[in-house]
Amino acid sequence: MAATSSFRAFLNHPAGPKTIFFWAPTMKWAITIANVKDFQRPPELLSVPQQSAVALTGLIWMKYSLDITPKNYNLMAVNAAMAVTGLYQLYRRYEYDREMKKIMEQSEGGGGGGGEQT
């Protein structure tokens, strides 16, 4: 009986599955899952504007999800995950760009450490 009443409470909750407050963040998990899948993607193929949008959206809506009534912890969790995955992807791209810049500077600076032959 306790399980039935808990399930009924879940169904009838103001942010339960009978509302958009449940389904919108639930579907938003697909973006986060796709971003996690992109962890395998080479960093040079990552889009900085796209990942910036994912990260900023996550940060902004994470705060908003706790300000609205009813409090929506599913929305907060998915946006926290979006922010983390977006920031991680931006970090990967930053590290890649930094490494490429270092390689370019070394190649322009005289061959990158090869000794002179006499």
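Modeller: Gladly, and please keep in mind that this is a predicted model. The chain has four helices and zero strands, and from the N terminus on its elements run α-α-α-α.

Biologist: What makes the chain more spread out than a compact globule?

Modeller: The globule rule gives 13 Å for 118 residues, whereas the radius of gyration of the chain is 23 Å, which is well over that value, so the chain is more spread out than a compact globule. The C-alpha atoms, taken along the principal axes, fill a box of roughly 90 × 25 × 20 Å.

Biologist: How many of the residues count as buried, and what does that word require?

Modeller: A residue is buried when its relative accessible area is under 20%, and 24% of the 118 residues of the chain count as buried. The accessible surface of the chain comes to about 8,300 Å², with 65% of it belonging to carbon and sulfur atoms.

Biologist: Why is Thr-19 said to be in contact with His-13 and Pro-14?

Modeller: Contact means heavy atoms within 4.5 Å, so Thr-19 has heavy atoms within that distance of His-13 and Pro-14, leaving aside its neighbours within four places in sequence. Thr-19 itself lies in the loop between helix H1 (2-12) and helix H2 (20-37).

Biologist: How far is Thr-19 from Ala-30 in space?

Modeller: The two are eleven residues apart in sequence, and their C-alpha atoms are 19 Å apart.

Conventions
Residues are numbered from 1 along each chain as its sequence is written. This is a predicted model: local features need pLDDT of at least 70, side-chain atom pairs count only at pLDDT 80 or more; totals for chains, interfaces and linings use all residues. Side-chain values use heavy atoms; hydrogens and water are left out. Helices (H or I, at least four residues) and strands (E, at least two) are DSSP runs, numbered from the N terminus. The radius of gyration is taken over C-alpha atoms; the globule rule is 2.2 Å times the number of residues to the power 0.38. Buried means under 20% relative accessible area, exposed over 50%, partly exposed in between (1.4 Å probe, protein chains only). Accessible areas come from the Shrake-Rupley method with a 1.4 Å probe; for residues, only the protein chains shown count as cover.
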